[in-house]
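The sequence and the structure come first, and the description follows.

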Amino acid sequence: MSEPLAEAVALAVELGGRRILDGVSLLAEPGQVVAVVGPNGAGKTTLLRALAGLTGSTGGLRVAGRDPRTASALTNAGRRAYAAQKPACAWDFLVRDLGDIAGSPDAFAATLARLGLADLADRRLSALSGGEQKAAHLAMTFATLADPFGSVLLLDEPAASLDLTRRALVATEIRRFTQAGGAAVVATHDLGYARSADSVVVLAEGRLLAAGAPAAALTPDVLAATWGEAAPTGA
Amino acid sequence: MTPTRATLAGLVGLVALVAMALAVGAQGLGWGDGGARALLRAPRVLAALAAGLALGVGGAAQQGVFRNPLADPGLTGVFGGALFGIALLLGVAPEAAWQRAWLLPAAAFGGALGTSAVLVLCGRGGSSARLLLTGLGLNAFTAAGTLVIAARSGESRELLTNGAFGDWLGMATFELAWLPILLCVGATLLLLPSARALDLLAFGEDAAHAGGIDVGGARRDAVLLTALAAAAATCLVGQVAFIGLLAPHLARKIFGPRHASALPGSALLGGILLLGADTLGRGLWPQAPLSAAAVTAVLGAPLFIWIARGRHE
């Protein structure tokens with residue numbers, strides 16, 4: 001068995017005296033997409049930020065062969081990329097500037113083309129729709145990693161504000177990344193997407209409710225316990 | 001116009017402006033016999049140019065750190081802090097202030113650092129409103145403090161009042177100005193390498209950190225160097241508003257928003273704007289020159305209102 005690329009053991013995060021995350025474990029091996037699901041406020045974003053080393057945490061943590069809490073920002077960035085749920089940019093860059101800032105204009109242009117946005121490269125960010133901006137930021141996140149092999153991609157709701165076609169393109173891009181030897185941890189509200197992942201982590205109120213293969217983790221009981229009466233069937 | 005052509009045009013314009021600035025003034029038009037009049041005006045011209053560089057790049061850096069196009073060291077109270085620092089020194093030890101070249105810049109730096117610290121603690125991560133309201137409070141406090149000291153100390157009263165009106169360029173001699181000029185140029189050059197960190201910071205602190213930037217360190221460096229730029233420029237000119245706002249705004253339009261071009265572009269335009277304003281003030285009224293700060297405010301305030309109008313929050 002290969003060494004896991006991302007591993008959290010009994011991870012806990014406390015912010016302002018409140019436990020946001022408590023005893024959450026997660027395993028992502030090379031080639032795997034791990035979906036993190038749960039209702040709003042379940043701790044999905046906090047889990048991803050902890051994996052990225054952006055927030056302090058207790059418990060065991062290894063991402064791309066190192067503990068992100070003790071490694072420098074520069075070291076972490078070499079083998080781990082993170083995309084926040086809501087992309088924001090203070091300045092009105094050209095789309096292709098994002099590739100230069102990510103440090104790999106060619107990889108960025110290629111990803112942009114695969115996401116169907118090649119003709120947007122010379123536009124300003126402010127001239128894009130919300131979905132196009134999100135996709136451009138995702139392309140930038142992909143481009144920050146020189147080589148998918150041995151790298152970890154942490155995406156917080158990459159499908160949010162994307163139309164169905166572009167969602168499928170982003171899903172393909174994530175697969176492309178993992179097939180090249182990387183691992184992806186993806187927070188999502190899309191249970192259909194979660195079912196296509198290699199493994200699923202279900203969070204509720206900061207705790208691990210279920211984990212494992214999609215069929216084993218997303219049982220009717222877990223769905224009912226997590227989402228209650230309004231439980232999605234997630235066909 | 002491409003950024004390269006704009007840079008060339010800016011540099012040619014700057015050289016022409018320097019030549020013109022050396023030729024106008026109370027002693028009459030022209031550079032004088034053997035450049036005698038030009039030599040007399042050189043300290044003032046160099047001081048205006050250096051202060052303009054520092055004000056322009058300082059504005060761009062502060063805007064980059066706070067991710068906010070309205071974060072201008074004039075509006076956020078950093079210049080106010082620098083002048084207050086000078087006022088404190090002149091109020092406490094008026095004789096000592098002139099004995100050592102580094103004392104006035106050091107006092108200005110201390111004041112600018114103090115207001116910067118309050119700004120970082122209170123204004124960061126919040127809305128534009130919080131940043132600008134904090135700046136408003138700092139400006140009011142430091143202006144009042146400077147006024148109180150000016151009123152209590154007879155000998156420094158006129159000096160401090162002139163400083164508050166940005167009317168110090170006329171006093172520039174090589175003896176007084178060499179250190180602040182060097183500090184302005186030094187702070188400008190030292191801020192240029194922060195371009196990459198500021199580019200990534202545009203996407204938020206999480207994104208910058210995830211992108212490999214030591215966010216705390218990058219912010220600390222930029223805040224320290226902006227305070228140094230503001231302090232050194234204040235020593236040369238006194239308080240001058242709007243350059244730190246206008247130069248970066250124009251630079252982003254002309255050279256593009258990437259900091260690798262916006263930072264040097266802001267410095268270049270800052271130098272042109274401040275030296276241009278001073279030259280205009282001296283050229284129009286050679287016997288009683290209008291201060292550079294007054295000229296930039298007259299031209300800059302309407303533009304500021306126009307920028308503010310275009311923002312939707």
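## Overall size

Chain A has 235 residues, and because a compact globule with 235 residues would have a radius of gyration near 18 Å, the 17 Å of chain A agrees with that expectation. The radius is taken over C-alpha atoms, and the globule rule is 2.2 Å times the number of residues to the power 0.38. Along the principal axes, the C-alpha atoms of chain A fill a box of roughly 50 × 40 × 40 Å.

## Model and numbering

This is a predicted model, in which local features need pLDDT of at least 70 and side-chain atom pairs count only at pLDDT 80 or more, while totals for chains, interfaces and linings use all residues. Residues are numbered from 1 along each chain as its sequence is written, and chains are lettered from A and ligands numbered from 1 in the order in which they are written.

## Burial

Of the 235 residues in chain A, 48% are buried (20 or more other C-beta atoms, placed from the backbone, within 10 Å of the residue's own).

## Strands and their pairing

Chain A contains nine helices and nine strands; these are DSSP runs numbered from the N terminus, with at least four residues of H or I for a helix and at least two of E for a strand. Two strands pair if DSSP finds at least two bridges between them.

Strand β1(A), residues 6–15, runs antiparallel to β2(A), residues 18–28, and seven bridges join them. Glu7(A) stands opposite Leu27(A) in β2(A). Two residues lie between the strands of this hairpin, where Gly16(A) takes a positive phi near 55°. β1(A) is also joined by five bridges to β4(A), residues 58–63, again antiparallel, with Ala12(A) opposite Thr58(A) in β4(A).

Terms used. Buried ≥ 20, exposed ≤ 12 C-beta atoms within 10 Å, placed from the backbone.
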